Amino acid sequence: MSGTTVHSGKAARGSGRAPRARTRATGGSVRRAPYAFLLPAVVLFLLFFVLPIGYAVYLSLRKVEVKGLGLGSGARSEVWTGLSNYTAALSDSELFHGALRVLGYGAIVVPVMLGSALLFALMLDTDRVRLTSFTRLAIFLPYAIPGVIAALLWGFLYLPSVSPFYFLLDRAGLPQPDLLDGGPLFVALSNIAIWGGTGFNMIVIYTSLKSIPTEVYEAAKLDGCSQLQIALRIKIPMVAPSLVLTFFFSIIATLQVFAEPTTLKPLTNSVSTTWSPLMKVYQDAFGNNDIYSAAAQAVIIAVATLVLSFGFLRVANARSRQEEAR
């Protein structure tokens, strides 16, 4: 009787240890599971983001040294050059003038595009608008068209010889401005970006508007607020984070403008091969076969974009904290 009791006690203790061991094993696998799900994204991030940036930084610190006439297998060698490529890039007048042109381009694109997106979002959020789904799709549809295709379409509309608008202006006896020369060129390029980017920003702002509780609007209407007052005092302040986000994306897209001027370049002599900083990088890398200088310029553009974006986010966060403190 006592032997049976001892044996059953050992079995009970043994059966108690087994579940604890299984629990520890299960807990370890659960803790490792998130890292297993993150592994593909981390690998892709390292391969297609970190590695190219590191290689660009490596190339920016080197150059090709030519010995003699540059003939023979050992006449050209890649050597360490330090910061000389960066010094040359920062003193390059073409890169500086390209940056100024992009700033002027952005001064037109960003406020007009975000203002139009906010206006469309507010209009679609009202109760009186009909065919909301169709209108939302129609405004968003230009964003789905690739930038090169959009630039080609607008480029032919800007050409006096083939544009139907110039034909109508000529029939009406009205002046026919050349949108591909001088100052109007900035308006022509900005129009392409505004036409293509307004829909995306509108969707972001409109989605934020739909997340506002309807009770807020009902309370405002009971207090006698008009639709305009609701938009100015309730809707716009409550979608401020979405406006900050869209402004942030717009700044990055503006600094990286490349497709529109490159596509319009064959149609006019006013767009040079170095019209924007990225076009200058492309020209040096593939036109002048100087990939080392192009890498240094690309790193400078990336750092400038990071500094401007980080500075803007700091200012926006500081203002939001001040408003919350009030």
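Start by selecting K280: at 3% relative accessibility this lysine counts as buried (buried means under 20% relative accessible area, exposed over 50%, partly exposed in between, with a 1.4 Å probe and protein chains only). Before you click on, know that this is a predicted model, where local features need pLDDT of at least 70, side-chain atom pairs count only at pLDDT 80 or more, and totals for chains, interfaces and linings use all residues. Residues are numbered from 1 along each chain as its sequence is written, and side-chain values use heavy atoms, with hydrogens and water left out.

D92 sits in the loop between α2 (84-90) and α3 (93-124), while K280 is in helix α12 (residues 277-287), 188 residues apart.

Next stop: D125, buried at 10% relative accessibility. K235 forms a salt bridge with D125, with the closest N and O atoms 3.0 Å apart. Because K235 lies in helix α9 (residues 227-238) and D125 in the loop between α3 and α4, the pair ties together parts that are 110 residues apart in sequence. K235 is buried at 4%. D125 also meets K210, at 3.8 Å from N to O, and K210 is exposed at 52%.

Finally, select α7, residues 184-210 (helices are DSSP runs of H or I, at least four residues, and strands of E, at least two, numbered from the N terminus).

Methods:
The expected span of a helix is 1.5 Å times one less than its number of residues. A salt bridge is a side-chain nitrogen of Lys or Arg within 4 Å of a carboxyl oxygen of Asp or Glu.
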